[in-house]
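My entries follow in the order in which I looked things up.

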2 protein chains.
Amino acid sequence: MSRPIMSRPATQPSVDDAREVGLRRTGPPPARTVVEPIAPLVDGGAFPAKASIGEPIDIVADVFAEGHDIVVAEAAVVATDQTTEHIELVAGHNDRWHGRWTPRHLGSASIQVIGAVDPWATWLDDARRWTDGQDLAVHREIGARLLEQVPTPLASPTPLAELPHRRIAELVAGLRGGTDEDLAAIIDDTDLASAMSRLALRDPGAAARVTMAVWVEPAIARCSAWYEFFPRSTVLRSDSHTNAPDGHGTGTGTDGPHHGTLIEAIGRLDHIADLGFDVVYLPPIHPIGTTHRKGPDNCAEGGPDDVGSPWAIGGAGGGHDAIHPELGTVEDLARLVREARGRGLEIALDLAFQCSPDHPWVTEHPTWFRHQPDGSIRYAENPPKRYQDIYPLDFTSEDWAGLWSALADIVRYWLGLGIRIFRVDNPHTKPFPFWEWLIATIRAEDPGVVFLAEAFSRPRIMERLAKVGFSQSYTYFTWRESPGDIREYFGDLTTRCIDFLRPNAWPNTPDILPRHLQDGGRPAFSIRAILAATISANWGVYGPAFELLEHEPLAAGSEEYRSSEKYQLREWDLDRSESLAPLLRRLNEIRNDHPALQLDRHLSFCDVDGDQLVAYVKPAPPGIDGRPAERILTVVNLDPHGRRSGWVDVSPAQLGHDWDSLPWGSAFEVVDLLGGATYEWHVGGNWVELDPHGLPAHIFAIRTSGIRPVAS
Amino acid sequence: MSRPIMSRPATQPSVDDAREVGLRRTGPPPARTVVEPIAPLVDGGAFPAKASIGEPIDIVADVFAEGHDIVVAEAAVVATDQTTEHIELVAGHNDRWHGRWTPRHLGSASIQVIGAVDPWATWLDDARRWTDGQDLAVHREIGARLLEQVPTPLASPTPLAELPHRRIAELVAGLRGGTDEDLAAIIDDTDLASAMSRLALRDPGAAARVTMAVWVEPAIARCSAWYEFFPRSTVLRSDSHTNAPDGHGTGTGTDGPHHGTLIEAIGRLDHIADLGFDVVYLPPIHPIGTTHRKGPDNCAEGGPDDVGSPWAIGGAGGGHDAIHPELGTVEDLARLVREARGRGLEIALDLAFQCSPDHPWVTEHPTWFRHQPDGSIRYAENPPKRYQDIYPLDFTSEDWAGLWSALADIVRYWLGLGIRIFRVDNPHTKPFPFWEWLIATIRAEDPGVVFLAEAFSRPRIMERLAKVGFSQSYTYFTWRESPGDIREYFGDLTTRCIDFLRPNAWPNTPDILPRHLQDGGRPAFSIRAILAATISANWGVYGPAFELLEHEPLAAGSEEYRSSEKYQLREWDLDRSESLAPLLRRLNEIRNDHPALQLDRHLSFCDVDGDQLVAYVKPAPPGIDGRPAERILTVVNLDPHGRRSGWVDVSPAQLGHDWDSLPWGSAFEVVDLLGGATYEWHVGGNWVELDPHGLPAHIFAIRTSGIRPVAS
């Protein structure tokens, strides 16, 4: 490995200058101002906080000094290109200062919160206590001396340019010998006060600085809609509809479906783009091993005609940097990527760092595998699941550095073919330091690469993967069914985890056909799609199976699909009349039209009096994609089996107000983006009744401009 | 200043070894195990957490690795003397490990949480999945090789001594060629498993380490009862009772009271010790300036016979290292300290870093004061209060280092005379870096010194003073009157602030006669004393005025005392029949008998259905001062004007149980330590009625051993 050693970004917030200076006999005293960083901060600064292009970030810090002097604060945000943006911070309650910054550059950024005692503001504050008839000579002179300390010529940066030396001399003269009116004018000069505040912040000796590290990713890391399909399976063309043999939305020709190709996959892009998705995720496209190849329905020993699991990577055709010959060529993939991008779609590939027994590395790099005393390699297990067709890699072998380097080269290879997004298979079975190194290494070369962690593991493990760099994370969404569970889970994700973990909510995956989809019928699919698309800025579906309401489990009690594409080819009839495509299309349209659904921050649940109803508000500040501020209120009946009703409480805070400005009963209009109707709602309780066999949800755009503080 | 530069203790938790190692071509891979520190941790490790001798500290960390290998964790606590104590950590829910450590040495300690993958435990875990009839040769061999990797001769530390090489050889032979019974015996050998776990933790390459810094103070920093009095005032002896002229518990002889002395103060120690207090705090005992000396009731210009404010420090007799001649001599103070200590009392002095205009430093060190353009020094203000008799020091002057050093020498001087505890006057008007430096400097020389911050300022300022080193902090207790306010405030102090701020609750101070004491009569004094003494492990009273129910304000709406000792001598008749002394004595007795009241951690409020009642439970783990675990439940009627009643809910958690083991209605006995009666209480609601004119509170010792899970 020839590249430099990974050096972890210095993400600890730097301590106040005051605390580094210590005490010397000479030199200036430590800065008096205290800056305590509040947000964005992950584990006290141990990891950079996540941010994305175009997403407003709240910068929060406690800034204060001893005594009664006035302090001033700002944030200086230094982007990767070393340009600095100055962000105004405003004092709120209890010495807490707030500002808002919207990232415009990919890569690392550092938010330096600067606080300083402001001598001029303190003098002005003092002036408010001067009494009539008091001899002001001393006070005037103090002010004059403060102005005389302004450096001449003024140092950059430019904000002080409005305070030229000539003007300072005039002000000093006005203070020393001017009239009462001159004094009053100087005291009331807000431009002067503002320039003097900035001067205080630029005083290297007096200002305290604390730095918070941020990692800025592309907007698609924050908001994305994923559609997964197996390119080796195919879509039934309308001219072959008559071949569809059964009622499960699948079809097999008389000789079985043929093996699809990457070129054929291009033919599916229009449909996916039409549904409004923006990421097309393909399971592994590499050669598949033949040793212990799995047969249909995860049969332990497949026959010679079985296609095997795409995750059993590597064979005669090559390993992780090869394409399965039956799928096509490198050129085909490059064309697929281009065709997708032409439709606003990104192709995401799978990074599954494991090998079939036939992978070239098994013989070329035996040290990359852990051999048992009898010389064999133990196959992978994720108890109780067994993967007889897969060998795990040994990330901590003697030649760990060689393996890590080779895996980074795999990522680089696909980046070179235009891939920008990776879904990473089972990252929780590889060491965290490997991911931290790999993601940092790749991002140092290309800060726009997006990684989705497919870890359905314990909470701390999933959170750690997010902290060490994964852009997005699969979640427990798939198994959160009750209003209370959904509220607790997404409440936690969007508060405690908001600065490091971006949830991606999937109603299904090829590995997970959840119970409620098995027995809930079409309403269950609708409910779960609406929930995922509105509660999480990132969502995705295992596409054909979801569109076509595929719901037969391998066996009773199993979450595996029957006739899963993981082990056999399928042919999908996407034109079936019961297809969920219209709802998926409308959901993505609504998401694209409404920035509130493109953000996870500030999700807020409504109190609901009624079983099986969940309701939540998502706000968006103004300016995202140039759009105005907005609030989206979603109400979902989680019961696929029957009509549910109840009262949904909307609080003033959920409308951006407080009880004083928007008392109980104040009315506002909501427009149902799903159903189309307009309703009058009120602060306080609102009656809702939802029938899952019709539309199981409202997605309301709140007409915030029309909120009337009038009791009904 | 000749002493070394302050170097701030490195309190940032060190990052995992894994994350420091980075990636090199050679050498071992980064450790796979993750340790995320949880507690005790202040601001992500920016400050050391507070601890005290004898107080059990919960050590909490999240420890895990990728995949399914078993991890093991422990804490190694390194005390100031570099001795290491190994603390067992036990895995709880969601990868969170817990342990408990009780400090025994003053000064800095570092808690290093160590986590490692445990290969032997993983092998044992694997063994549980072996199936009958399986060929175990490979598994046996893997186990044998793990044992063969145990270093020979075993490295220290000693815990591995029980695994001698001879025994290892036997075990290896048993695995390779032994019977099924031999294998089973090895698998069931818990001593072997335990030794192998410790070995994993000692493996420098495999173990991850995170360090949390702690500062250990004397027990009196955690639990103390303060009694403040002005030694220049005197106590009316019983033979002069007839001189008492009025009904406010004060007396002035015909010629006014004489100026008390430190030697006379010795005569008051028996009384204070009898009341059960353990800290005697004297306001400043230094010479008092004459310029702009204050007269009685804060009259701006006192007469020549006025004694002036003790906080106007410095005059002809000297400055902060001198004793007011009328109080006595350095020898007198040393005797007072000795006599106090003989009675179990510590004398606390006041550190008021400010000067009267007559302080020697005003002429000897003019640069230590900020001069106005006309050469004058502006007197101190704490708006709206004005201190014409006091000059503030300039902590950031050109000679700031000289001033800071001189102030440290002041502290050293009084330490040399036996003082161990300081009450620090208005620390929030001096720079935080000064306090951080001063306290660190003094503690580096003597780790047992205790500092109480008298800052009634904004929350973040008070918290920062605690973070930078103050042992205890005055609080807003004095102004928290309603059940909701008390619950919110102490709830916050004992959760968010628990690791850095130790509250000290004072019902009154010479500066604060709160409204409720002015008009609440004796019941108000009782209520506030009971509250302070039971809700906070540290409490204090401005003694004579509190004992004698002094309650006349300077003026309507004022919180200043009329005829305050701050500006005049007083003579107190402590033998008056209405004295609150019996209650104070009983409260301190109860506190001394019950470790639960000597801790602030784990305070828990009861839900109460009833106005003006507040109820809370404090638990103590076993072993504090050698006593068993206990729980104290206090219920207080906060209304001094009338009888109040209501239902007090006790939850199973407040009794150390859950609802399964202690269902609603389970009965337990409580013994009222104030009233003496024994009651049967129940999980769930309990009826309470309290008359402030009798006993306004219950302080119940819960008979935890007798808790019966029987519905009533």
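**Strands and helices, looked up one by one**

I began with strand 26 and strand 27 (residues 630-637) of chain A, which pair in the antiparallel sense over 8 bridges. I note that the model is a predicted one. In this pairing A:Tyr616 has A:Thr634 of strand 27 as its bridge partner.

I then looked for another partner of strand 26 of chain A. Strand 24 (residues 604-605) of chain A pairs with strand 26 in the antiparallel sense, over 2 bridges. Here A:Phe605 is the residue opposite A:Tyr616.

Next I asked how many residues of strand 26 of chain A are buried. I found 8 of the 8 residues (613-620) buried, so the strand is largely enclosed by the rest of the structure. One side carries A:Leu613, A:Ala615, A:Val617 and A:Pro619, the other A:Val614, A:Tyr616, A:Lys618 and A:Ala620, and both faces are covered.

I stayed in chain A and checked helix 13 (residues 459-467). With 9 of its 9 residues buried, helix 13 of chain A is also described as largely enclosed by the rest of the structure.

**The barrel in chain A**

I followed the strands of a closed barrel in chain A. Its 8 strands run in the order 10-12-13-18-19-20-21-22, with parallel pairing. From one strand to the next the twist averages 30 degrees. I picked one pair from this order: strand 13 (residues 346-351) and strand 18 (residues 421-425) of chain A are joined in the parallel sense by 4 bridges. In strand 18 of chain A, A:Val424 stands opposite A:Leu351.

**The open sheet in chain B**

I turned to chain B and traced an open sheet of 6 strands, in the order 24-26-27-32-29-30, with antiparallel pairing. Which strands lie at its edges? They are strand 24 (604-605) and strand 30 (678-682) of chain B, each of which pairs on one side only. Inside the order, strand 27 (residues 630-637) and strand 32 (residues 697-702) of chain B pair over 5 bridges. B:Leu633 has B:Phe700 of strand 32 as its bridge partner. Helix 16 (residues 521-535) of chain B packs on this sheet and touches strand 24, strand 26 (613-620), strand 27 and strand 32 of chain B. The direction of helix 16 makes about 30 degrees with that of strand 26 of chain B.

**Two helix pairs in chain B**

I looked up helix 11 (residues 400-416) and helix 12 (residues 432-445) of chain B, whose axes are 10 Å apart at an angle of about 40 degrees. The two helices are therefore oblique to each other, and the crossing is right-handed. Among the contact residues are B:Trp404 and B:Leu407 of helix 11 and B:Phe434 and B:Trp437 of helix 12 of chain B. By class, I read 10 nonpolar, 2 polar and 2 charged residues in this contact.

My last entry is on helix 2 (residues 119-127) and helix 5 (residues 180-187) of chain B, with axes that come within 11 Å and cross at roughly 125 degrees. This pair is therefore oblique, and the crossing is left-handed. B:Trp120, B:Trp123, B:Leu124 and B:Ala127 of helix 2 meet B:Leu183, B:Ile186 and B:Ile187 of helix 5 of chain B. The contact has 7 nonpolar residues, no polar and no charged ones.

How values were computed. Residues are numbered from 1 along each chain as its sequence is written. Chains are lettered from A and ligands numbered from 1 in the order in which they are written. This is a predicted model: local features need pLDDT of at least 70, side-chain atom pairs count only at pLDDT 80 or more; totals for chains, interfaces and linings use all residues. Side-chain values use heavy atoms; hydrogens and water are left out. Buried means under 20% relative accessible area, exposed over 50%, partly exposed in between (1.4 Å probe, protein chains only). Two strands pair if DSSP finds at least two bridges between them. Axes are lines fitted to C-alpha atoms, for helices over the stretch in contact, and angles run from 0 to 180 degrees between N-to-C directions. Angles under 35 degrees count as roughly parallel, over 145 as roughly antiparallel, 65 to 115 as roughly perpendicular and the rest as oblique. A crossing is left-handed if the near helix is turned anticlockwise from the far one by less than a right angle, and right-handed if clockwise. Contact means heavy atoms within 4.5 Å. Ala, Val, Leu, Ile, Met, Phe, Trp, Tyr, Cys and Pro count as nonpolar, Asp, Glu, Lys and Arg as charged, and the others, Gly among them, as polar.
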